Amino acid sequence: MAVVYFPEFRLGKVLTTSFTGTLSERYGEALERIPVPSRFADWLAVHGLAVDSCSQSQLDRARELRESIHAAATAVANHDPLPSPAVDVINDCSTHGLASAVLTAEGSREWRLGSASVEDALSVIAADAISLLAGEREGKISLCASPTCRAAFVDTSRGHTRRWCDMNTCGNREKKARFLANKRAKSGLAD
């Protein structure tokens, strides 16, 4: 039996941007991190939103929500009007689930899904996106400076000057490219 490889999840502190990050390098060689329904169920479980199962149609709906959130976040980052179709999808997903926020003994918030369905989990993601897109959270929505990535992220740096969605991926790749270009330019001058 062949072992199936799935790309690692890029986990962050913000549910919404972790979710949109399940598709990376959107403008380069795109990498789908939730290629099959079971992988999406795995992603949900990592984020405390365990579901009983996930069908292909539910995965398709999740991807539609993901792309709607990305479109809305891009609009916010660019100071453009929110695209109506994206808003409609986000709102629809938000209202079609049964989930409740609960306070843990440690004082943090967890989500309790009403029926452990994908729709319940999508409602949590959509509600998180609404909170972020409406500006209710600390930080500024920005887009990664990498021309192949352009992932949305929440910039909580002082002065909101962060450029990369993740320094360990896009930031390092861009710094390495700049270093190599400078090295080539210097060696060209030496000739």
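**Exercise 1. How exposed is Asp42, and which side chain meets Asp42 in a salt bridge?**

Asp42 counts as partly exposed, at 36% relative accessibility. This value, like the others here, comes from a predicted model. Now take the partner. The side chain of Asp42 meets that of Arg39 in a salt bridge, 3.7 Å from N to O. The cut-off is 4 Å, so the pair qualifies. Finally, check Arg39. Its relative accessibility is 13%, and buried means under 20%, so Arg39 counts as buried.

**Exercise 2. Which parts of the chain does the salt bridge between Arg66 and Glu32 link?**

First, the contact. Arg66 and Glu32 meet through their side chains at 2.8 Å, N to O. Second, the positions. Arg66 is in helix α3 (residues 56-77) and Glu32 is in strand β2 (residues 31-32). They are 34 residues apart, so the pair links distant parts of the chain. Third, the burial. Arg66 has a relative accessible area of 3%, which means that it is buried. Fourth, the wider setting. A network of salt bridges links Arg66 and Glu32 with Arg26, Arg63 and Glu67. The count for the model comes to eight salt bridges.

**Exercise 3. Describe the lining of the largest pocket.**

Begin with volume: about 450 Å³ of space lies in this pocket. It is lined by 18 residues, and the closest to its centre are Gly12, Lys13, Thr17, Arg162 and Cys165. Helix α1 (15-20) and strand β6 (152-155) each give two or more residues to the lining. By class, the lining of the largest pocket has eight nonpolar, six polar and four charged residues.

**Exercise 4. Which element gives the most to the lining of the second largest pocket?**

Volume again: the second largest pocket holds about 260 Å³ of space. Its lining has 13 residues, with Lys13, Leu15, His47, Arg109 and Trp111 nearest the centre. β4 (109-113) and α5 (118-133) each supply at least two. β4 gives the most, with three residues. Sorted by class, the lining of the second largest pocket has five nonpolar, three polar and five charged residues.

Notes
Residues numbered from 1 in each chain as written. Predicted model: local features only at pLDDT ≥ 70, side-chain atom pairs only at ≥ 80, totals over all residues. Heavy atoms only, no water. 1 Å grid on protein atoms, 1.4 Å probe; cavity = no way out; pocket = protein on both sides within 12 Å on 5 of 7 lines; lining within 4 Å. Points joined across faces, edges and corners; volume = space filled by probe spheres on them. Helix = DSSP H or I, 4+ residues; strand = E, 2+ residues; numbered from the N terminus. Nonpolar A, V, L, I, M, F, W, Y, C, P; charged D, E, K, R; others polar. Buried < 20%, exposed > 50% of the residue type's maximum accessible area, 1.4 Å probe, protein only.
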